[in-house]
Amino acid sequence: MVFCSLNRTFAAFMEKVMGRSLDWGLSVLVGIGIFLFWYVAYPHALSYHEQYQLFLWTWDYFVERMSLPGGFADWLGEFIVQFYYIEWLGALLLALLFVAMQRLATRLLPKGALCLLSLLPVVLVLWLLGDINVLLSLPVAIILALALACIRLSKPLSWIDLLIVPIAYWLIGPAVWIYVIIRVIQLGWKHLWMAGWLLAVQLMAYAWLLPQWPLQQVMTGLNYYRIPLHYPQFSGYDKDMYELIRQDYLVRNERWDEIVKRAGDYQVKTPFWSNCVNLALSQKRLLADRMFDFWQSGEEALIMPRTRDLTSMLPSAEAFWRLGMVNSAQRYMFDTQESILNGRKSGRCTKRIAECMIVNGHYQTAAKQLDLLKKSLFYRSWAMDAEAMMKNEATINDHPVYGRLRRLRYKENFLYSYEELDKMFGLLFMNNTENKMALDYFMAQMLLKGNLQGFQQNMGVVQQYGGYRQMPLGYQDVMRCIQMQGRVPDSPYAKYVQRMTERRGK
């Protein structure tokens, strides 16, 4: 009898140990999988989110976030997103966040439930994050709601929910509905009053504290989605969208070879894609040789016209900056930052705006941008170095980037129209004939516009100042097309001209 009792006890103990091992093993797999997903497959998505906020380590910043429902989840989400600046660290924090979600779901499942069910919220949230405009505040709010639900209150203490519900609503936003639903399941249908109470809390908040906000947002969340009054499109990780985000990420990190390589493997037929690829080619001094080996969107393939959204103008702004068109770079970056529809600042844009002001010698206005950056974590060191640099004009003139741009930029300020962009490139080159990128863009823009007469007239300038040992392959192809009136079957430029002609005829 004793032996049988011991045997049963040991078996129960081993079953419990095996169950816990399986449970924690699943959590470890979730953590590893999520880390690899973001760090290996989607580091560009981390960069995208980081560049559209500027988390400040100030009390005022915290109070501003806490002034709206869901403010704490929003503040905590932005706190985590700032670490995306270091990709592996951002991926690690996301992995820990998803593991916490899975562990909380495990605790809330009834005993005997299949442990794989704890993966459902993980999969759902990972799918929601496929929409690039879903903010991390949503997963954070969901985790906080699950954590709150794990605090089990006995039925006699359920009256405390009268206080918990409004406080939780203000801290995490409408995700508190998750808590309410779980509590009703835990305590029974008699506690459906909590749903009515939460609805009343939201309506009172709208009437008394948030009349300037649309009721739709008050009910569904002010801080969960980057675009107001829009919701996730449930499109998953759209391949073309994420490819464009990756190209911009590579531009930001000046990984030109990788841009060109990816462009040869996969193309997204948009001006944004053409801007990124052409900028990479120009930085490798391959634009004259290989430009028409890649798909070109048209006259806007080098520089896009001003577009009021938070993404389109970024590669154009980077091109302006490297060309020496500093004022245009500043204008495009400023417009991009102002187009962030949830009203956030951008660390990337703020830094570039400050750099433009430093190059132009506008130190007082640059200091305002630097004051913001000094209150951040990852831009602070650069801002302090830039502030010290502004005290010494010679240091700026000797700087490998800022000094060069001062030599390349226009000597006078003036306005121009987008249609005159090729003339602006030519004027920029004549201002400083060392500016090979301006010469390449000047010739390329004429080819995009179909100005073959201007192209031929300036071939002598290319031979004199281009620094080429022989005529670039792309220019040779164009000259063959001119001589044979476009009847060159394998000509990349002839195919481009034919496509543009067909497009204009439609």
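This is a predicted model: local features need pLDDT of at least 70, side-chain atom pairs count only at pLDDT 80 or more; totals for chains, interfaces and linings use all residues.

First entry. I looked up Q247, and at 0% relative accessibility Q247 counts as buried (buried is under 20% relative accessible area, exposed over 50%, partly exposed in between, with a 1.4 Å probe and protein chains only). Residues are numbered from 1 along each chain as its sequence is written, and side-chain values use heavy atoms, with hydrogens and water left out.

What does Q247 touch? I find I259, A263, W273, C276 and V277, leaving aside residues up to four places away in sequence (contact means heavy atoms within 4.5 Å).

Q247 lies in α12, which runs over residues 239–252 (helices are DSSP runs of H or I with at least four residues, numbered from the N terminus). I checked the span of α12: its 14 residues reach 20 Å from first C-alpha to last, close to the 20 Å expected at 1.5 Å a residue (the expected span is 1.5 Å times one less than the number of residues). Is α12 mostly covered or mostly open? Mostly covered, with 10 of its 14 residues buried. Among them are Y242, R246, D248 and V251.

I also looked at both ends. At the start of α12, a side-chain oxygen of D238 comes to within 3.4 Å of the backbone nitrogen of D240. Just after α12, E254 takes a positive phi of about 55°.

I searched the whole structure and got 26 of them (a salt bridge is a side-chain nitrogen of Lys or Arg within 4 Å of a carboxyl oxygen of Asp or Glu). I picked D74, whose side chain meets that of R65 at 3.8 Å, N to O. R65 counts as buried at 8% relative accessibility, and D74 does at 4%. D74 also pairs with R344, at 2.4 Å, N to O. That pair links distant parts of the chain: D74 is in helix α4 (residues 71–81), R344 is in the loop between α17 (326–338) and α18 (347–359), and they are 270 residues apart.

R348 lies in α18 and E318 in α16 (residues 314–323), so the pair ties together parts that are 30 residues apart in sequence. R348 is buried at 7% relative accessibility, and E318 is buried at 4%. Salt bridges that share partners join D248, E254, E318, R322, R348, R352 and E355 into one network.

L373 sits in helix α19 (residues 363–373) and is buried, with a relative accessible area of 0%. L373 and L56 are 317 residues apart in sequence, yet 8.0 Å apart in space, C-alpha to C-alpha. The contacts of L373 include L54, G347, Y379 and W382.

Last entry, the surface. Which helix gives the largest share of the nonpolar patch? It is α1, with five residues. V28, in α1, counts as partly exposed at 49% relative accessibility.

Definitions and conventions:
Helices (H or I, at least four residues) and strands (E, at least two) are DSSP runs, numbered from the N terminus. A polar contact is a pair of N or O atoms within 3.5 Å; within protein, one must be able to donate a hydrogen and the other to accept it, and residues adjacent in sequence count only if both atoms are side-chain atoms.
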